[in-house]
2 protein chains.
Amino acid sequence: MTSRKVIELFYDVVSPYSWLAFEVMCRYRNTWNIDLKLRPAFLGGIMQGSGNKPPAVIPNKFAYMAKDLARLGQYFDVPLRYPSDPFEVMFNKGSLPAMRFLTAVHEGEKGRDKQVEQVSRELWRRIWYEDKDITEPASLSEAAIKAGLSDSEITEVLKQYTSKDIKDKLKSATQNALDYGAFGFPLLVCHVNSKPEIFFGSDRFELMAHCIGEKWLGPLPDKSSAKL
Amino acid sequence: MTSRKVIELFYDVVSPYSWLAFEVMCRYRNTWNIDLKLRPAFLGGIMQGSGNKPPAVIPNKFAYMAKDLARLGQYFDVPLRYPSDPFEVMFNKGSLPAMRFLTAVHEGEKGRDKQVEQVSRELWRRIWYEDKDITEPASLSEAAIKAGLSDSEITEVLKQYTSKDIKDKLKSATQNALDYGAFGFPLLVCHVNSKPEIFFGSDRFELMAHCIGEKWLGPLPDKSSAKL
């Protein structure tokens with residue numbers, strides 16, 4: 001029995017706003033009385049399933065987003081910067097292999113939460129700081145090595161991440177987010193009094209804190225490994 | 001000579017998120033060292049000019065927006081509720097006469113800022129609380145009476161609000177917002193060190209405060225006349 005509130009964070013590493021929410025929630029996990037569940041899912045499936053379009057297709061939105069992310073990255077102390085060709089990265093290459101890889105890390109063995117967190121962070125860092133690929137097996141391995149996975153774990157995950165089982169699990173997580181009403185990521189689902197309260201984006205933390213009876217203290221100092 | 005920072009708030013009364021930003025900025029005007037300039041403009045022109053689509057056209061976004069606005073209205077102490085037919089209100093009836101009316105109030109005489117503020121609030125209250133029309137001259141008069149305008153002022157504004165001069169002034173304010181990069185409202189333009197910093201939406205107050213060297217204190221108590 002526990003009174004900790006469960007918060008599910010649905011995210012995709014192709015989404016920079018998801019990185020902000022991810023780091024903030026990882027920090028608040030140690031401050032609020034919450035149990036944070038990382039839910040890697042596929043943003044492409046969310047956009048298709050909800051009929052939504054990425055914000056970057058509107059030129060003024062795209063320009064604003066670049067500025068907004070730079071300011072937010074600095075404010076939240078997350079080392080975020082635009083890749084040299086953001087359209088190529090976001091729309092052509094996408095994140096399907098990366099999210100399948102993360103799903104396979106998650107499903108591998110019990111207690112893999114820490115690994116999922118670390119591999120997610122390394123993938124975000126590749127795409128949203130180092131301007132590196134996240135679609136090739138070699139890229140995924142590199143991220144997993146940096147995240148501290150052993151050679152045998154990586155071999156196992158690489159064997160499984162294109163299996164039907166893993167594909168289905170990613171689909172099911174994505175459907176789960178759609179069922180909660182997702183139209184983009186990050187999506188935060190707070191289970192309070194057995195009623196899910198959903199929050200979209202990385203700009204509702206203060207409101208979310210208020211709704212779950214916790215206190216928003218602004219961006220906490222980064223004690224995780226997000227620093228370079 | 002003054003060191004007060006100028007913040008322009010571009011808004012349209014058809015936009016409920018603009019109401020939140022409007023009330024919050026009216027409260028912070030007395031707390032931060034700022035000079036708030038109200039800039040009524042036409043959201044329809046922003047959507048057309050930027051190629052953006054209203055969020056409400058995606059069903060999951062629409063459902064989320066209803067919930068989000070209810071929570072935000074409560075948190076910010078702004079009496080916001082959905083009209084019975086939000087699509088009719090937002091897309092069919094729209095806000096062109098209302099925004100022309102506000103432009104005419106603004107342009108009427110010097111020192112009309114207080115009236116613009118009060119008429120704006122009454123128009124938001126009609127559409128986003130009382131579920132009343134804001135397109136007919138009688139509706140606009142009613143809002144202006146509640147806002148404290150005199151009969152002769154109202155007669156003058158009603159005479160002018162469909163003139164070419166007022167139409168052009170609203171177009172010019174809307175173009176001004178587009179030139180700042182608007183793709184929706186509210187748009188906050190902070191003039192700090194002679195460089196405009198723009199913030200979209202009613203969810204960047206904390207970041208904005210940080211960027212202009214002020215302190216975000218959460219939603220302040222409502223000392224304006226927004227209470228019913």
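This is a predicted model: local features need pLDDT of at least 70, side-chain atom pairs count only at pLDDT 80 or more; totals for chains, interfaces and linings use all residues.
Residues are numbered from 1 along each chain as its sequence is written, chains are lettered from A and ligands numbered from 1 in the order written, and side-chain values use heavy atoms, leaving out hydrogens and water.

View 1. Over all chains, the structure holds 36 aromatic pairs (rings of Phe, Tyr and Trp, the last by its six-membered ring, with centres within 6.5 Å; planes under 30 degrees apart are stacked, over 60 edge-to-face, the rest tilted). A:Phe62 belongs to helix α3 (residues 59-76) of chain A, while A:Tyr82 sits 20 residues away in the loop between α3 and α4 (86-93). Helices (H or I, at least four residues) and strands (E, at least two) are DSSP runs, numbered from the N terminus. A:Tyr82 is partly exposed, at 23% relative accessible area (buried is under 20%, exposed over 50%, partly exposed in between; 1.4 Å probe, protein chains only).

**View 2. In chain B, Phe62 pairs with Phe87.** With ring centres 5.0 Å apart and planes at 35 degrees, B:Phe62 and B:Phe87 count as tilted. B:Phe62 is in helix α3 (residues 59-76) and B:Phe87 in helix α4 (residues 86-93), so the pair ties together parts 25 residues apart in sequence. B:Phe87 is partly exposed, with a relative accessible area of 36%.

**View 3. Two arginines sit over rings.** The charged end of A:Arg71 lies over the ring of B:Phe199, 3.8 Å from its centre. A:Arg81 does likewise over A:Tyr129, at 4.0 Å. The rule wants NZ of Lys or CZ of Arg within 6 Å of the ring centre and within 35 degrees of the ring normal.

**View 4. Chain A and chain B share an interface with eight salt bridges.** Among the salt bridges (a side-chain nitrogen of Lys or Arg within 4 Å of a carboxyl oxygen of Asp or Glu), B:Arg204 joins A:Asp68, with the closest N and O atoms 2.8 Å apart.
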